[in-house]
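Please consult the sequence and the coordinates while reading.

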Amino acid sequence: MKRVKRRYLALQLESETLPSEREFMDAVWASLTKLYGEVGASLAGLVLINFDGKRKIFVVRTSLASLLMVRASLAMVTVVAGKAASVNVLAVSGTLKALYANVA
Amino acid sequence: MTRPFVDLHLRINTKDQPVTQRLIIKAAQMGYHFISFPFTNVVHETEFVALKAACTQAGIDFVLRADFKPRTQEDLTLFLRKFRRSFEVICIVCDSKEVARQAAKDRRVDLLNFPNLDYHKRFFDRAEAELASCSLAALEVDIKPLLVMEGPARVRLLSCLRREVAIALEFHVPVVVSSGVGEEVLMRLPRDLASLGYLFGLNASEALDAVSTNPAVIVLRNREKLSSRFIAPGISIVKEGKPK
């Protein structure tokens, strides 16, 4: 079986409040499902890897094949935990080490 | 070399100074090199100078843009004759087929914009694209409706945009993606703005061109034309001699 290539994304949340990890991921999943449906969303393999509450930075992992889909869905997020918010992609990388080096 | 990112359509109330200031600073932080706020046709010198100064202070280039929604062809030509040399970018919001065709034909028009909510008034078809490809007009797509709409309305808009963008690409009409937003929370990083292009059929490089190269080319071309040294495309005054 062919190995699935992955990409790690560092996301900066801009919102007045700090949502929990669950609330953030719910908003991302809702946006992804709204745009691409349940089948499309299932192909993304989206997983939360890390969460820095202080800097409001979330690290998520997705498959390379659905990177564009995920980026478009992230740009479409306008509400997180009932508050107006936006999600900016700070960096995209193939390894966590390089991603943290980029974001730091 | 980094791409010069451009957002030619930030909607602000220029009289609301604090919000304007915040938007300009945020645009600079996000990595935009050129931004523009549309004016109708009257630009107060003080307003323009204040905006330009705020943009320069933030390290960003301000582009003077006019949006016009003519009712007839005559209105359009009159507007262009009167204001073309006063603005760096001219955008025509096409409300009728007659105006859309004339705007696509006219080489003084830079951007063609269509109403987002009324799908019957989106006249960017193959005939329009053919006319636009012979002139210098580009198709402008605003992202804001995609962010604020939901459900069937958004599906319909996406479907229209996908069709129009496919036609534009077929006829080599440049596509310009702008935000069209007036609130900080709806502003997106240039690359995130480009990623939304994927929703209506732009591939990664075309989407990046739509927020950088395509609008930047329009701005630089018009600045060259408006400079006092411009004679004709490719010909400009390099040095002036003293009369003997």
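In which sense do strand 1 of chain A and strand 5 of chain A pair, and over how many bridges? The model is a predicted one, and in it these two strands pair in the antiparallel sense over 8 bridges, strand 5 spanning residues 83-93. One of the bridges joins Glu14(A) to Ser86(A) in strand 5 of chain A.

**Strand pairing**

Strand 1 of chain A, residues 6-15, has a further antiparallel pairing, with strand 3 (residues 57-63) of chain A, over 7 bridges. Here Ala10(A) has Val59(A) in strand 3 as its bridge partner. In chain B, strand 5 (residues 111-113) and strand 6 (residues 138-142) pair in the parallel sense over 2 bridges; Leu111(B) is bridged to Ala138(B) of strand 6. The table collects these pairings.

| Strand pair | Sense | Bridges | Bridge partners |
|---|---|---|---|
| Strand 1 and strand 5, chain A | antiparallel | 8 bridges | Glu14(A) and Ser86(A) |
| Strand 1 and strand 3, chain A | antiparallel | 7 bridges | Ala10(A) and Val59(A) |
| Strand 5 and strand 6, chain B | parallel | 2 bridges | Leu111(B) and Ala138(B) |

**The sheet of chain B**

Chain B holds an open sheet of 7 strands in the order 1-2-3-4-5-6-7, with parallel pairing. Strand 1 (5-7) and strand 7 (175-178) of chain B have a single partner strand each, so these edge strands leave one side without a neighbour in the sheet. From one strand to the next, the twist averages 30 degrees.

**Nonpolar core**

The largest nonpolar core comprises 97 residues, and those that touch the most other members are Val89(B), Ile92(B), Ala103(B), Leu112(B), Leu139(B), Val175(B) and Val177(B). In soluble globular proteins, nonpolar side chains tend to be buried together.

Leu112(B) illustrates the packing in detail. Leaving aside residues up to four places away in sequence, Leu112(B) touches Ile92(B), Cys94(B), Ala103(B), Ala104(B), Phe124(B), Ala132(B), Ala137(B), Leu139(B) and Glu140(B).

**Contact between the chains**

Where chains A and B meet, 12 residues of chain A are in contact with 11 residues of chain B. On the side of chain A, helix 2 (67-75) and strand 5 are the elements that give two or more residues. Strand 5 of chain A gives the most, with 5 residues.

Notes:
Residues numbered from 1 in each chain as written. Chains lettered and ligands numbered in written order. Predicted model: local features only at pLDDT ≥ 70, side-chain atom pairs only at ≥ 80, totals over all residues. Core = buried A, V, L, I, M, F, W, Y, C linked by C-beta atoms within 7 Å. Buried ≥ 20, exposed ≤ 12 C-beta atoms within 10 Å, placed from the backbone. Contact = placed C-beta atoms within 7 Å. Pairing = 2+ DSSP bridges. Helix = DSSP H or I, 4+ residues; strand = E, 2+ residues; numbered from the N terminus. Axes fitted to C-alpha atoms, helices over the stretch in contact; angles between N-to-C directions.
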